[in-house]
Amino acid sequence: MRDAVDVIIEQWAREKPGFDVSPVGIVGRTARLHALLDKGIGRNFARFGLAHWEYDVLASLRRAGAPYRLTVGQLMASMMISSGAMTNRIDRMAARGLLTREPDPADRRGVLVRLTEAGVTLAEEVLVPHLETERELLSGLSAKEQQQLAALLRKALLSLEGRAPQQ
């Protein structure tokens, strides 16, 4: 079976014979895969009145364990976003009653972001349907294929993040 990326590769092969466009096979498919996964996951989050980024904040804080709080810096690192974007997200979610800011007892200038009871409840409510959605989106691959893909993606990410790939 051919996909849209095969067509792109074939077009380049026709237009630039001998030109190596093999990276398109990976980068193009990864980009298309991301868009399709994001669309499917987004539909699920919309059922709960959440944007993808809101779930990311909820999940980051919930994974931290009780009392479900992190410093702003820890949240930024977890989500790989700027301080301005993080402040905006915290403000918006605090206005919804999903999290609060509190002073960091370990750093007088620091702030901790903590899930409220409503935030914990929503994180718990969304978790199982979210994982079911991800499982369904990946159902075209066997469990072994999913493990292989995860290992290859980990290796590529470690390489791009500047760390030595694990063998």
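Modeller: What follows takes the labels one by one and sets each value against its cut-off. This is a predicted model, where local features need pLDDT of at least 70, side-chain atom pairs count only at pLDDT 80 or more, and totals for chains, interfaces and linings use all residues. Residues are numbered from 1 along each chain as its sequence is written, and side-chain values use heavy atoms, with hydrogens and water left out.

Colleague: Why is helix 4 called roughly perpendicular to helix 5?

Modeller: Helix 4 (residues 72–79) and helix 5 (residues 83–95) pack at about 105°, their axes 10 Å apart. Angles of 65 to 115 degrees count as roughly perpendicular, under 35 as roughly parallel, over 145 as roughly antiparallel and the rest as oblique, so helix 4 is roughly perpendicular to helix 5. The axes are lines fitted to C-alpha atoms over the stretch in contact, and angles run from 0 to 180 degrees between N-to-C directions. Helices themselves are DSSP runs (H or I, at least four residues), as are strands (E, at least two), numbered from the N terminus.

Colleague: Which residues in helix 4 and helix 5 meet?

Modeller: V72, L75, M76 and M79 from helix 4 meet S83, M86, R89 and I90 from helix 5, where contact means heavy atoms within 4.5 Å.

Colleague: What makes the pair of F45 and Y55 stacked?

Modeller: Their ring centres are 4.7 Å apart and the planes sit at 25°. Rings of Phe, Tyr and Trp (its six-membered ring) pair if their centres lie within 6.5 Å, and planes under 30 degrees apart count as stacked, over 60 as edge-to-face and the rest as tilted. So F45 and Y55 pass as a stacked pair. With F45 in helix 2 (residues 22–47) and Y55 in helix 3 (residues 52–63), the pair ties together parts 10 residues apart in sequence.

Colleague: How do you know whether H130 is buried or exposed?

Modeller: Its relative accessible area is 7%. Buried means under 20%, exposed over 50%, partly exposed in between (1.4 Å probe, protein chains only), so H130 is buried. H130 lies in helix 6 (residues 117–137) and touches I41, N44, F45 and Y55, leaving aside residues up to four places away in sequence. F45 and Y55 are both buried too.

Colleague: And what makes M80 exposed?

Modeller: M80 comes out at 71% relative accessible area, so it counts as exposed. M80 is in the loop between helix 4 and helix 5, and its phi is positive, about 55°, although it is not a glycine.
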